[in-house]
Amino acid sequence: MSDPAMLIQVKKLVKKYRMGDVEVSALRGVDLNVQKGEFIAIVGPSGSGKSTLFYILGGLSSASSGTVLIDGRDLTQMSDSERTAIRRELVGFVFQRYNLLPTLSATDNIAMAQYLAGKKHETDGWFKQTLDLLGIGHRLGHKPRSLSGGEQQRVAIARAIVNHPALLLADEPTGNLDSENSEIVLKLLRDLNERLGQTILMITHNPEAAAYAHRIVHMRDGRIVEHP
Amino acid sequence: MINKLVIENLKHRWVRTSLSAAAVGVQVTMILTLVGVSYGTLEDMARRSRGVGADILIRPPGSSIISLSSAPMPQKLLDFVRQIPHVTIATGTAVHAIGGTNSVTGVDLNEFSRMSGGFKFLSGGPFQGPDDVIVDEYWARQNKLKVGAQTRFLNKTWRVCGIVEPGKLARLFLPLPLVQELSANTGKISMVYVKLDDQANLPTVLAGLKKSLPEHQIYSIEEYSSLISVNNVPGLKPFIGVVIGVSIVVGFLVVFLSMYTAVLERTREIGILKSLGATPQMILGILVRETVALAIVGSIAGILLTYLTRWAIMQYVPGNLTQVIVPDWWPVATLISLTGSLTGALYPGWKAARQDAIEALSYE
């Protein structure tokens with residue numbers, strides 16, 4: 001049963017991979033609820049299953065069993081094309097390596113996300129407010145190679161939120177940044193959460209980064225654990 | 001937006017884009033040049049036949065439209081033709097091969113001049129000695145000949161006595177008896193050109209000749225000119241077909257390689273687009289648009305290159321080849337390059353569309 005206050009409801013989520021003859025369990029029955037407007041950090045060592053959870057929540061990978069409700073829609077019952085639509089409509093991604101399209105300018109990278117979502121490219125109103133918040137308004141005409149890591153990550157954040165996604169998924173968003181830029185990006189994420197009510201699920205192995213979230217969830221060996 | 005991405009992708013990898021477009025262009029040029037040379041050389045033959053000024057052409061029995069016959073008809077045939085009512089001039093020529101597709105034509109200069117209005121000499125003049133040869137401007141240019149220069153063919157050295165404007169019968173001319181002697185066909189001729197007093201009498205005379213000489217190939221000059229076409233040259237159409245086939249394969253391979261490497265290089269970008277919600281069809285569409293752009297740019301370059309090949313042919317081998325620009329073939333050649341290119345983009349496009357987003361995003 002879907003709870004309207006919850007944006008994410010994960011129950012008994014299992015993900016198994018086959019590597020040759022060996023079956024690997026990446027997730028072994030994960031239960032997780034995230035409220036709308038919450039900023040949650042998932043931390044854990046490499047191989048704990050946090051990236052697998054990230055990909056399933058983002059509709060990039062399918063589950064082996066269990067249920068994953070995002071805004072009341074069950075991702076585990078969806079076809080590839082339905083999950084593709086979820087990525088356009090409900091989810092925004094921020095990656096460790098920024099993942100901007102190198103041939104397009106910053107503004108075109110953002111416009112591409114709008115185009116794929118079937119929206120017109122906005123240049124004022126909420127969009128301008130977001131750019132002001134991110135502090136990249138003056139760098140929009142540049143291509144990624146001309147931007148610093150911090151600037152690229154802020155463009156990636158702008159791209160992720162431009163379509164007003166219900167959920168912003170961030171995978172090690174400060175992993176490639178120095179401490180100064182890391183702080184800028186993390187403060188931006190917190191501002192987006194506090195000022196715009198953006199629900200954020202951030203994966204990190206950095207406790208300092210995780211401290212910016214409202215709630216920290218620990219993962220180990222494919223399960224959510226009480227204590228690290 | 002997708003078009004912008006396509007253009008930026010092509011600009012970003014400009015070396016590969018240029019090479020791919022150039023390869024498609026060469027393919028298009030290859031087709032258009034072959035077609036242009038086929039049409040041009042045949043048109044030139046037809047034009048030179050018309051340039052004789054005759055109304056009727058009589059060729060030996062069993063000869064084909066473009067064959068180089070030696071001299072299998074008796075010269076006495078001229079006397080028979082000359083006594084036919086309405087015939088004002090009948091002159092015979094003898095053709096002798098001098099190597100490759102080249103030949104020298106023996107003419108009775110006085111009769112030929114009466115019929116054609118005479119050669120227009122650009123320099124020099126008619127035969128003066130037994131070793132004199134008249135060449136047309138194209139032959140002179142190709143072989144860098146001037147009046148007084150020596151040229152060698154049929155194991156003999158000849159002196160160029162005159163250079164004439166092209167467009168009349170042949171490129172090299174010798175006196176008729178000399179060609180008959182050289183080809184061991186004394187008293188024989190290859191063709192008979194007939195001029196009438198009035199064009200209105202053409203059907204009557206033509207019918208009479210065909211009745212009197214049923215074995216011979218007898219045409220009005222207009223009919224003969226129209227028969228000199230790609231369709232009537234044995235093997236030419238299949239040859240063009242083979243070249244087109246090779247072109248399609250080349251286009252396929254070039255674009256396949258280009259797009260295959262593009263997909264490999266852009267694995268991560270494909271993952272990014274997928275994470276943004278791009279469907280497999282969109283990914284395929286991007287590669288298809290890139291391919292179409294390459295094929296169109298390549299085709300335009302290929303079409304422009306045919307002007308260069310025409311110039312090169314006119315500059316270096318105008319005596320052997322004539323190339324015309326055949327705009328009717330532009331869309332055909334473009335379609336051929338598009339077909340080859342799109343076929344080449346199919347597998348890379350399918351591979352890109354099927355790419356796993358997570359693997360693509362973690363691609364180094």
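Predicted model: local features only at pLDDT ≥ 70, side-chain atom pairs only at ≥ 80, totals over all residues.
Two sheets can be picked out in chain A. As background, strands in a sheet are held to each other by backbone hydrogen bonds, and the pairing can be parallel or antiparallel. One sheet is open and has six strands, arranged in the order E6-E7-E8-E3-E9-E10 of chain A, with mixed pairing. Strand E6 (91–94) and strand E10 (223–225) of chain A sit at its edges; each has a single partner strand, so one side of each has no neighbour in the sheet. On average, and ignoring direction, neighbouring strands of this sheet are turned by 25° against each other.

His218(A) is bridged to Val225(A), which belongs to E10(A). E9(A) and E10(A) form a hairpin with two residues between the strands, and in this hairpin Asp221(A) takes a positive phi near 50°.

Helix H6 of chain A (residues 179–196) lies across E3, strand E7 (167–171) and E8 of chain A. Its run makes an angle of about 155° with E8(A).

The other sheet of chain A is also open, but here four strands follow the order E2-E1-E4-E5 and the pairing is antiparallel. Its edge strands are strand E2 (22–35) and strand E5 (73–74) of chain A, each pairing on one side only. Strand E1 (residues 6–19) of chain A and E2(A) run antiparallel and share 11 bridges. In this pair, Tyr17(A) faces Val24(A) of E2(A).

Helix H3 (residues 106–116) and helix H5 (residues 149–161) of chain A pack with their axes 8 Å apart, at an angle of about 25°. That angle makes H3(A) roughly parallel to H5(A). Their crossing is right-handed. H3(A) brings Ala106(A), Asn109(A), Ile110(A) and Ala113(A) to the contact, while H5(A) brings Val155(A), Ala158(A) and Arg159(A). Sorted by class, this contact has five nonpolar residues, one polar and one charged.

Now for chain B. The domain assignment divides chain B into domain 1 (2–43 + 235–361) and domain 2 (61–215). The centres of these two domains, taken over C-alpha atoms, are 47 Å apart. Contact between them involves five residues of domain 1 of chain B and seven residues of domain 2 of chain B. On the domain 1 side of chain B, the touching residues are three nonpolar and two polar, with no charged ones.

The axes of H1(B) and H11(B) come within 10 Å and cross at roughly 60°. That makes H1(B) oblique to H11(B), and the crossing is right-handed. On the H1(B) side, Ile2(B), Asn3(B), Leu5(B), Val6(B), Asn9(B) and Leu10(B) take part; they meet Gly285(B), Ile286(B), Arg289(B), Glu290(B) and Ala293(B) of H11(B). The tally by class is six nonpolar, three polar and two charged residues.

Finally, there is the contact of the two chains, which takes 16 residues from chain B and 20 residues from chain A. By class, the chain B side that touches chain A holds eight nonpolar, five polar and three charged residues.

Terms used:
Residues numbered from 1 in each chain as written. Chains lettered and ligands numbered in written order. Domains from an automatic or database assignment. Nonpolar A, V, L, I, M, F, W, Y, C, P; charged D, E, K, R; others polar. Pairing = 2+ DSSP bridges. Axes fitted to C-alpha atoms, helices over the stretch in contact; angles between N-to-C directions. Parallel < 35°, antiparallel > 145°, perpendicular 65-115°, else oblique. Left-handed = near helix turned anticlockwise from the far one by under 90°.
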